[in-house]
Amino acid sequence: MLQDAVATASDQTETAAAAVEATEQGNNGAPAADAPAASIEGLDGIKIRRRPVTGPSVHHVGPFQFRLENEGNTPRNILEKIVWNKDVEIWQMKEKMPLYRLKGPLDNAPPARDFVAALKASYDRTALPALIAEVKKASPSRGVLRENFDPVEIAQAYEKNGAACLSVLTDSKFFQGSFDYLEAIRNAGVKCPLLCKEFIIDAWQLYYARSKGADAVLLIAAILPDRDISYMLKICKILGMAALVEVHDEREIDRVIGIDGIQLIGINNRNLETFEVDISNTKNLLEGERGQLIAQKDIIVVGESGLFTPDHVSFVQDAGVKAILVGESLIKQEDPGKAIAGLFGKDISPVSSA
Ligand SMILES: O=P(O)(O)OC[C@@H](O)[C@@H](O)c1c[nH]c2ccccc12
C-alpha cells in the first residue's frame with residue numbers, strides 16, 4: 001500500500017513540476033506577472049496565488065536580466081508570503097531528503113497514535129472540549145510569545161495537566177518552530193498524539209512529518225484546492241495519520257464538508273490574511289443545517305485560536321465543538337501546564353478528575 005502512495009506521490013510531484021512550468025508561462029490559473037489579482041473562483045476556491053519556486057520569470061534586455069517587481073510577484077498578504085516561502089523551502093528540503101529516502105525508515109517506524117480517538121476519549125472523560133495544546137514560540141501577529149522556550153518541558157507539562165493531544169509548530173521562518181521540536185517531544189516519551197502544525201502544500205511534507213513523529217497534520221483549505229485535500233487525506237490514511245482540515249469562512253467549510261473521508265474540521269477564529277480574531281466565527285459557521293450535516297457525518301469540530309477563558313471555552317462548546325486548539329493563552333503563562341486549569345475553570349488532569 002505504501003508503495004502505491006509513493007508512486008502516486010511522485011506522480012503528483014511531476015504534476016507539480018508541470019504546474020510550475022505552466023505558471024512560468026502564466027497559464028495555470030495564477031495570473032501572469034502583470035495581470036490583475038485573480039478572484040477566488042479563478043484559484044480553485046483557495047485564497048492565495050501560487051508562484052514558481054524560481055520566482056517570477058527573468059526578463060532579458062540586451063545584456064541585462066531582471067525580475068519584474070509588481071502585483072503579480074509581490075505577496076498580497078502574509079498567507080501568500082508564507083506559502084511562497086514554503087515552496088522554496090520544500091524544494092530545498094526535497095533535494096536533501098528525497099521521498100525514497102524518507103520512505104524506507106517509515107516502513108519500520110512505530111505506528112502513528114490515534115489522534116481522533118484521543119480527542120474522543122478526553123471529551124468522554126471530562127465532558128469538556130478535548131484540548132489540543134500548542135507548543136508555539138512565536139507568531140507573525142504576536143511576535144515572541146515565550147522567551148524561555150523549552151518545547152519538551154512544555155509538552156510534558158501540557159500532557160500532565162490534561163491535554164488530549166499536542167500541536168507543534170514546525171515552521172521556522174514565521175513561527176520560530178522546528179521539526180526538531182516535534183522529534184524531541186516524541187523521543188522524550190510524551191504519549192499524547194502530536195499534530196504537525198505546518199503549511200502543507202506538497203505531499204512530500206506528509207511523509208516528512210510522519211518521519212519526524214507526527215500522528216496528525218494540518219491541512220489549510222485556504223491554501224489547498226479540494227482535489228489536493230482529497231489526495232492528501234488518502235496519503236494520511238495510508239500513513240496512519242489523522243488530518244485536521246482548517247477553514248475560516250462559510251465557503252471553505254462548505255467545500256470541505258463535501259470531501260470524502262473528512263474526520264476533523266478546525267474552525268480558525270483567526271483570519272490568516274488579516275490576523276483578526278473573532279471567536280463568534282466558530283458559532284456562526286456551525287449554525288443551522290451546516291451544523292446538523294457535520295453532526296450527521298460524525299465529524300469532530302475543533303475550535304481554533306483566540307480562546308483565553310472558561311467563558312470562551314463554554315461559548316465554543318455550546319456552538320458545537322468537541323475539541324479546542326489553544327496556544328497563546330497557555331504558552332504565555334509562567335507555568336503553561338497549570339494554565340490549563342485556568343482555561344477550563346477546573347483541573348482536568350487525568351489523575352485528579354478520574
Ligand atoms: O495562539 P492561539 O490564538 O490560541 O491559536 C492557536 C492556533 O489556533 C493557531 O496557532 C493556528 C491556527 N491555525 C494555524 C495555521 C498556521 C499557524 C498557526 C495556526
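Which strands does helix α5 (residues 151–160) lie across? Select α5: the helix lies across β3 (130–135) and β6 (165–169). Its direction runs at about 170° to β3. Axes are lines fitted to C-alpha atoms, for helices over the stretch in contact, and angles run from 0 to 180 degrees between N-to-C directions. Contact means that the C-beta atoms of two residues, placed from the backbone, lie within 7 Å. Helices (H or I, at least four residues) and strands (E, at least two) are DSSP runs, numbered from the N terminus.

**Before going on**

This is a predicted model: local features need pLDDT of at least 70, side-chain atom pairs count only at pLDDT 80 or more, and totals for chains, interfaces and linings use all residues. Residues are numbered from 1 along each chain as its sequence is written.

**The barrel**

Now select β3, β6, β7, β8, β9, β10, β11 and β12. They form a closed barrel of eight strands in that order, with parallel pairing. Two strands pair if DSSP finds at least two bridges between them. Neighbouring strands of this sheet are turned by 25° against each other on average, direction ignored.

Zoom in on β10 (residues 264–268) and β11 (residues 300–304). They pair in the parallel sense over five bridges. Pick L264: its bridge partner in β11 is I300.

Next, show helix α9 (residues 250–257). It packs on the sheet and touches β9 (242–247) and β10. The direction of α9 makes about 150° with that of β9.

**The ligand**

Select the ligand and the residues around it. The shell has 14 residues; the closest are E304, S305, L325, G327 and E328. Colour the shell by class: three residues are nonpolar, five polar and six charged. Ala, Val, Leu, Ile, Met, Phe, Trp, Tyr, Cys and Pro count as nonpolar, Asp, Glu, Lys and Arg as charged, and the others, Gly among them, as polar.

**The two domains**

Zoom out. Colour domain 1 (2–83) and domain 2 (105–353) separately; the bounds come from an automatic or database domain assignment. Where they touch, 15 residues of domain 1 are in contact with 20 residues of domain 2. On the domain 1 side, α1 (2–24) and α2 (78–96) each give two or more residues. The largest share, five residues, comes from α1. This side has 10 nonpolar, three polar and two charged residues.

Key
Near = placed C-beta within 6 Å.
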